[in-house]
Amino acid sequence: MSLRFDLLPLAIAEAHQQFEVWVSGAQDLNEINRLKGVFTGRKASHLTTLTELLKQTPKESKADLGALINHLKTTWETSLSQRLEQLTSVTSSSSMDLTLTPPMSPQGAVHPIQRLEVQIVSVFRSLGYHVEEGPEVETEENNFDGLNIAPTHPARRSSDTFYLEAHPHLLLRTHTSPVQVRVLKRLSQEHSQGVSLLESLGGIRFLSPGRVYRKDEIDPTHSPMFHQVEGMLIGKNIGLHHLKGTLSYAMKALLGAETDIRFRPGYFPFVEPGCEVDVKCPLCKGQGCRVCKSSGWIEILGAGLVHPQVLSHAGIDPAIWSGFAFGMGIERIAMIISECPDLRLFFENDVRFLQSMREVR
Amino acid sequence: MRVPLSVLQKEITGRALSLEQARQYLPMLGFPIESMESLSGDTLLEIETTANRSDVLSIRGIARDLAAK
């Protein structure tokens, strides 16, 4: 900008006029900052131009015009900072929307394994079962001896079972069956007026869900810790038909009304006869798919009639009492219904995986 | 346990046993088929047995269970 010195008063008036228009029109902080640069900046601003002009002004008017420019400078600076203050106070008071919903923190959810456990338990609750629990550190007697598992059975080896170093007869339970041993013992040992608890109850039915431990290498289908739900019913004249009716109902309630089950002979030392229970594949409805390996059936339960040895070990007379028992792995069922190929995902607790499991029934 | 189908068929007298029947009956008798393998015109069945059934630790024992089916 080049102005003749005699035009300085006019230039001052024009600059100030321009300043007033722009500042009152400024709507945000960025604009104020820009105006600060344009009018009072140290380089190429209106102020520097006016100061340059002042140098060419004759001596007699220099003092007056100099004072005017100085006055202009302070006026601009104060009015800029006033406008700035005005803008920020307006911003903070008018932009607050008190009706706006505050940001919510992410909501937690029940773990898929626990949710399935609750589902299984609630199905059996409707059949009159209650929940019995036991310690995860068990005696060898409850975990093996009481369940008719021979002293030489391979599952007892220290390569398969976690034994406590300081107490060699204590171990981490390898199934939830020792809970059943505990309950049976209690039923036969507790008496009132000469009648055993079992006799006065006339029988019992219960579930024992919980964590179990085996020395397995971690891979997509094995984990040293997993969850089981076992169930037991003791009464008089209990047979396989009771077992089949119970499981048939429970699997329909759990996996859908069209679910079918079938029994195959199997072997567990604590039941006789023992069986494996297959469920008609809930994904392909028995047509054959990847999950059921094109057989249409998936093995999900082990079951049988309680072995007389198990009853008599607990002090119950197998000539009077009989019953059935069944057990299932919760992770296994969860993997089947969610088509999850890797067991480990359930324990890594990656939020993305857990959220994807929410949509699975 | 590995069992050739031809020997099973020879052991079961009085009726025929097809591969399809063997695949269907064995698992329902409590002996799941782990794998199958074709070997010079015969089929080799890898059969899983349980610890309480030492009577089926022979081909004849398995044939006897199958024959009852």
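**Exercise 1.** Does C281(A) count as buried or exposed, and at what relative accessibility?

*Solution.* The model is predicted: local features need pLDDT of at least 70, side-chain atom pairs count only at pLDDT 80 or more, and totals for chains, interfaces and linings use all residues. Residues are numbered from 1 along each chain as its sequence is written, chains are lettered from A in the order in which they are written, and side-chain values use heavy atoms, with hydrogens and water left out.

Step 1. Buried means under 20% relative accessible area, exposed over 50%, and partly exposed in between (1.4 Å probe, protein chains only).
Step 2. C281(A) has 1% relative accessibility and therefore counts as buried.
Step 3. C289(A), at 22%, counts as partly exposed.

**Exercise 2.** Identify the residues that line the second largest cavity, and classify them.

*Solution.* Step 1. The lining consists of L255(A), V279(A), P282(A), I298(A), I300(A), I333(A), I336(A) and I337(A). Lining residues have an atom within 4 Å of a cavity point; on a 1 Å grid over the protein atoms alone, a cavity is a set of points where a 1.4 Å probe fits but cannot get out.
Step 1. By class, eight lining residues are nonpolar (Ala, Val, Leu, Ile, Met, Phe, Trp, Tyr, Cys or Pro), with no polar and no charged residues.

Note on methods. 1 Å grid on protein atoms, 1.4 Å probe; cavity = no way out; pocket = protein on both sides within 12 Å on 5 of 7 lines; lining within 4 Å.
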